[in-house]
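Please look over the notes below with the coordinates open.

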Amino acid sequence: VNPIPDGYPRVAPYLNIAGAADAIDFYTKVLGATERMRMAGPDGSIGHAELAIGDSVIMLADENPAFGNKSPGTLGGTPVSMMVYVADVDATFSAAIAAGATEIQAVEDRFYGDRSGMFKDPWGHEWTVSSHVEDVAPEEMERRMAELPG
């Protein structure tokens, strides 16, 4: 038995969502995720599901406070942001907003060489989407960072 199963990265985020089935549809449409598996939970909820985004895996389930699974809505927000590289950040960000996400940071070129934007999905999870647009040497990155306002 392989202690790290084939087909799984070493780190895979696990999202607790109040409305996991709708979230799977959103992540499929907006982020290009493909559903790897889905297991039923109590009362028709999703007990466990797995999505692939590129070579990454995201696991998720419907919120179930009896098992300690609490969504961002129940917790009053999230301290975690997911980061996803995409081929066209502008199109992905626009699709997210059109599908009900809320803008946190508009898409713009960043000092470190990515064009990025940040949104909150309809279930309270925060996502940064980026396309790498420039290779920036560490010294240049430090110089640009020092020039940032405030």
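The points below take the residue, then the strands.

1. Basis. This is a predicted model: local features need pLDDT of at least 70, side-chain atom pairs count only at pLDDT 80 or more, and totals for chains, interfaces and linings use all residues. Residues are numbered from 1 along each chain as its sequence is written, and side-chain values use heavy atoms, with hydrogens and water left out.

2. Glu50, setting. Glu50 lies in strand E3 (residues 46–53). Strands are DSSP runs of at least two residues, numbered from the N terminus. Glu50 counts as buried because its relative accessibility is 4%; buried means under 20% relative accessible area, with a 1.4 Å probe and protein chains only.

3. Glu50, partners. The side chain of Glu50 makes polar contacts with Tyr8 at 2.7 Å and with His48 at 2.9 Å. A polar contact is a pair of N or O atoms within 3.5 Å; within protein, one must be able to donate a hydrogen and the other to accept it, and residues adjacent in sequence count only if both atoms are side-chain atoms. Leaving out residues up to four places away in sequence, Glu50 touches residues including Thr34, Arg36 and Ile58 (contact: heavy atoms within 4.5 Å).

4. Strand E7. Five of the seven residues of E7 (residues 114–120) are buried, so the strand is largely enclosed by the rest of the structure.

5. E6 and E7. Strand E6 (residues 102–109) runs antiparallel to E7, joined by five bridges; pairing needs at least two DSSP bridges. Gln105 sits opposite Met118. The hairpin has four residues between the strands, and Gly113 in the turn has a positive phi of about 105°.

6. E7 and E8. E7 pairs with strand E8 (residues 126–132) in the antiparallel sense over seven bridges. Arg115 stands opposite Ser131. Five residues separate the strands of this hairpin, where Gly124 has a positive phi near 95°.

Terms used:
Buried < 20%, exposed > 50% of the residue type's maximum accessible area, 1.4 Å probe, protein only.
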